[in-house]
Amino acid sequence: MATNESPESELPEAAAAEPIVDISPVSEAPESDARPRIGDTRPAPAQIGDTRPAPVTSDAPASTERPAERKKPQQRQRQPKAEKPIVPNVVEATVEPRSTDDGESSAKRSRNRRRGGRSKQGRSTGRYLMCVHVQPNATHIAMLEGRSLVEHFVARPADATNQIDGNIYRGRVQNVLPGMEAAFVDIGIPKNAVLYRGDVHLGDETDEAEPAAQPRIEEMLKAGQMLLCQVTKNPIGAKGARLTQEVSLPGRFAVLVPNSSAAGISKRLGDNERRRLRKIIDSVKPAEHGIIVRTAAEGVSEEDLRRDIASLVERWEAIDAEAKRSNQPGLVYREPDMALKMLREELNDDYRGVLIDDLEVYNQVRDYVAAVNPELADRVEFYDTSVETLPLFERYFVHEQLHKALDRKVWLPSGGSLIIERTEALTVIDVNTGKNVGKTNLEETVYRNNLEAAEEVARQLRLRDIGGIIVIDFIDMETKDNREKVAAALRAALGREKTRTQVFDISELGLVEMTRKRVSEGLIESLTTSCTVCEGRGFLVDQDAL
């Protein structure tokens with residue numbers, strides 16, 4: 001890649017730090033010779049017929065010589081050397097011809113140029129690293145951005161009743177509650193799931209009707225009715241799993257929506273790429289099913305997209321046939337293991353590697369990546385604990401960061417802090433200046449502290465997987481412009497993850513109200529259990545004082 005650097009960047013560090021001073025007597029130079037000498041910081045006067053480029057003017061002071069040196073020019077009488085012609089510092093750039101292949105978008109071409117030579121000493125240099133630590137009773141998956149832990153997931157063998165997001169079930173309606181506009185459905189697990197009226201599958205004609213003209217839930221569902229449904233939210237606490245009749249099968253590049261006419265493209269893609277994919281959809285979309293093109297499809301060819309959709313159609317035919325074999329509630333299709341699911345959703349060029357410390361899981365993941373993304377198969381590595389001196393999570397400081405993520409207090413780089421309190425109704429985050437005393441004035445100190453807090457709040461919400469209603473108590477700022485900048489920084493930081501969020505402006509009390517989609521239990525629930533003595537309240541009642 002060509003870089004436009006100024007000629008002065010080629011000087012040695014000493015020359016760039018201190019300018020070279022010409023102390024020759026002015027009388028020695030003829031009046032007709034107005035060309036600049038070495039060290040002269042003044043631009044040369046324009047001359048007729050002179051085609052030489054003008055020298056670059058230095059930003060350094062015009063002269064730094066001492067008075068003693070001005071008085072004794074005879075001490076440095078030397079014969080002037082022949083001046084070399086001034087040659088501009090030109091860097092030649094090789095311009096690649098623009099590809100006319102529609103299979104590669106302009107966005108991907110620019111990304112490839114930006115990531116040119118994505119290797120260092122034979123290793124990939126992506127932003128993210130995935131560490132998979134397998135235990136007898138659980139599988140831990142940690143995602144690192146650089147050296148910072150950004151996400152952590154726990155999959156347990158007994159999660160056939162807890163972590164069922166994405167699974168497809170054959171269910172039986174137990175009862176319909178018109179006052180709640182919901183129905184409880186038995187899907188073969190101990191706790192009944194909930195199907196709300198808005199998630200009931202309707203015909204295309206009914207969907208286009210006015211909300212007041214749509215039928216009530218008791219008219220659409222009856223007790224004892226069998227239906228095919230998919231889990232959209234895991235059971236959390238006393239709440240059952242949430243269901244939908246709009247079944248969807250995610251693949252690597254597309255999502256298949258059976259028995260639908262839907263056709264969409266991810267909004268994260270650029271306009272040029274969306275136009276290219278829209279042309280491809282017409283030729284690859286099945287007649288009886290709908291498809292949604294994912295962000296991972298950026299730059300893929302029509303053949304790759306067609307192959308991915310064909311595998312999804314084949315999978316749906318097997319699911320449909322299995323659902324018709326029996327009239328008993330139960331599991332029809334199970335989503336892949338957490339490691340495979342994360343790789344299907346996340347793995348791309350931004351990952352420099354996937355480290356797995358279990359040989360069986362490593363072979364399974366390697367075969368899966370080799371089938372869907374052969375160019376990334378070499379990034380899946382087996383972390384042999386019998387050879388390595390430290391365990392996988394110790395080697396990359398995951399354990400240390402997990403312990404900090406369980407604490408209620410989080411320190412900011414400048415000395416401020418966050419206090420994170422979780423309740424049944426919502427999560428409250430308090431921002432404090434702490435040791436941050438600033439340097440200029442109170443408003444600037446508070447503003448800088450709140451900017452740091454906005455970035456850290458977004459990271460903690462993602463790491464701890466906090467969902468539901470969230471209230472952030474920023475430190476009061478007098479300037480409205482500062483409040484808007486802090487709110488914008490929070491939205492930008494939250495926009496870097498895929499979980500859907502909604503953020504409101506900072507109120508007059510300095511509070512920010514926001515919501516974050518909750519799909520599964522958070523980090524604290526997955527790694528801890530409530531105290532049997534205080535029942536998780538954190539204090540004991542003094543019976544003698546009552």
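The legends below describe close-up views of a predicted model of one protein chain.

Residues are numbered from 1 along each chain as its sequence is written. Local features need pLDDT of at least 70, side-chain atom pairs count only at pLDDT 80 or more, totals for chains, interfaces and linings use all residues, and side-chain values use heavy atoms, with hydrogens and water left out.

**Figure 1. Overview of the protein chain, with its 14 helices and 23 strands.** Helices (H or I, at least four residues) and strands (E, at least two) are DSSP runs, numbered from the N terminus. Of the 546 residues in the chain, 36% are buried; buried means under 20% relative accessible area, exposed over 50%, and partly exposed in between (1.4 Å probe, protein chains only). Among contacts (heavy atoms within 4.5 Å) with a separation of 6 or more, 63% are between residues 24 or more positions apart.

Figure 2. Two strands pair if DSSP finds at least two bridges between them. E11 and strand E12 (residues 254-257) run antiparallel and are joined by two bridges. In this pair, proline 250 stands opposite valine 255 of E12.

**Figure 3. The buried and exposed faces of helix H6.** The 14 residues of H6 should span 20 Å at 1.5 Å a residue, and the end C-alpha atoms are 20 Å apart, which agrees. The expected span of a helix is 1.5 Å times one less than its number of residues. Glu273, Arg274, Arg276, Leu277, Ile280, Ile281 and Val284 are the buried residues of H6. They lie on the same side of H6 because they cover an arc of only 160 degrees around the axis. The arc is that of the directions from the helix axis to the C-beta atoms. These buried residues pack against E13, E14 and H7. Asp271, Lys279 and Asp282 are exposed, on the face turned away from the buried side.

**Figure 4. Helix H7, residues 302-323.** H7 has 22 residues and reaches 32 Å from its first C-alpha to its last, close to the 32 Å expected at 1.5 Å a residue. Its buried residues are Leu305, Asp308, Ile309, Leu312, Val313, Trp316, Ile319 and Ala323. Their arc around the axis is only 140 degrees, so they are on the same side of H7. An α-helix has 3.6 residues a turn, so residues three or four places apart point the same way.

**Figure 5. The six-stranded sheet E18-E19-E20-E21-E23-E22.** This sheet is open, with mixed pairing. Strands E18 (409-411) and E22 (501-503) are the edge strands, and each pairs on one side only. Neighbouring strands of the sheet are turned by 20 degrees against each other on average, direction ignored. E21 and strand E23 (residues 511-516) run antiparallel, joined by six bridges. Here isoleucine 470 stands opposite methionine 514 in E23. Helix H13 (residues 480-494) packs on the sheet and touches E21, E22 and E23; its direction makes about 175 degrees with that of E22.

**Figure 6. Loop residues glutamate 521 and aspartate 465.** Glutamate 521 is in the loop between E23 and helix H14 (523-527). With 35% relative accessibility, glutamate 521 counts as partly exposed. Leaving aside neighbours within four places in sequence, glutamate 521 is in contact with Ile236, Asp465 and Ser526. Proline 235 is 286 residues away from glutamate 521 in sequence, and the two are 8.3 Å apart in space, C-alpha to C-alpha. Aspartate 465 lies in the loop between helix H12 (442-464) and strand E21 (468-473). The phi of aspartate 465 is near 55 degrees, a positive value in a residue other than glycine. Most residues other than glycine have a negative phi.

Conventions:
Axes fitted to C-alpha atoms, helices over the stretch in contact; angles between N-to-C directions.
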